[in-house]
Amino acid sequence: QVQLVGSGGGLVQAGGSLRLSCAASGRTFTYYHMGWFRQAPGKEREFVATITRSGLSTTYADSVKGRFTISRDNAKNTVYLQMNSLKPEDTAVYYCAAKSGSYSIRYGEYDYWGQGTQVAVSS
């Protein structure tokens with residue numbers, strides 16, 4: 001199995017940027033596709049971005065496309081989410097997750113989860 005620790009959240013003004021990191025330990029990092037998901041108060045957890053094991057393919061939710069970038073450094077066992085042009089509606093707890101097997105954007109199919117990091121965007 002793999003342990004995930006997310007970091008990098010905080011409070012930022014609309015239009016600002018944040019970079020989230022998620023460090024993995026345990027089983028070989030390249031065994032897993034990685035994803036970022038978020039959950040706002042009173043809402044269901046939703047897909048943000050995912051990246052394949054190799055890092056060659058990424059998928060984004062329409063709401064973040066063009067503003068967020070997911071990447072991974074397999075040498076450092078870390079996945080990142082660069083968030084630019086942040087909006088108040090991006091406010092949520094952001095979770096990184098790992099998935100073995102086939103690639104997916106469905107959060108219910110992810111095997112391991114980080115503890116979540118809070119992102120708050122003020123208007």
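Which residue lies over the face of Trp 113, and at what distance from the ring centre? Arg 45 does, at 4.7 Å. The model is predicted: local features need pLDDT of at least 70, side-chain atom pairs count only at pLDDT 80 or more, and totals for chains, interfaces and linings use all residues. Residues are numbered from 1 along each chain as its sequence is written, and side-chain values use heavy atoms, with hydrogens and water left out.

**Aromatic pairs**
- The structure holds seven aromatic pairs (Phe, Tyr and Trp rings, the six-membered one for Trp, with centres within 6.5 Å; planes under 30 degrees apart are stacked, over 60 edge-to-face, the rest tilted).
- Tyr 32 and Tyr 112 pair edge-to-face, because their planes stand at 90°, with centres 5.9 Å apart.
- Tyr 32 sits in the loop between strand 3 (18-26) and strand 4 (33-39), and Tyr 112 in strand 10 (residues 112-113), so the pair ties together parts 80 residues apart in sequence (strands are DSSP E runs of at least two residues, numbered from the N terminus).
- Tyr 95 and Trp 113 are also edge-to-face, with centres 6.3 Å apart and planes at 80°.
- Tyr 95 belongs to strand 9 (residues 92-99) and Trp 113 to strand 10, 18 residues apart.
- Ring pairs join Phe 37, Phe 47, Tyr 95, Tyr 110 and Trp 113 into a cluster.

**Accessibility**
- Tyr 32 is buried at 2% relative accessible area (buried is under 20%, exposed over 50%, partly exposed in between; 1.4 Å probe, protein chains only).
- Tyr 95 is buried at 15%.
- Tyr 112 is partly exposed at 25%, as is Trp 113 at 27%.

**Charge over ring**
- The charged end of Arg 19 sits over the ring of Tyr 80, 4.0 Å from its centre (NZ of Lys or CZ of Arg within 6 Å of the ring centre and within 35 degrees of the ring normal).

Terms used
Helix = DSSP H or I, 4+ residues; strand = E, 2+ residues; numbered from the N terminus.
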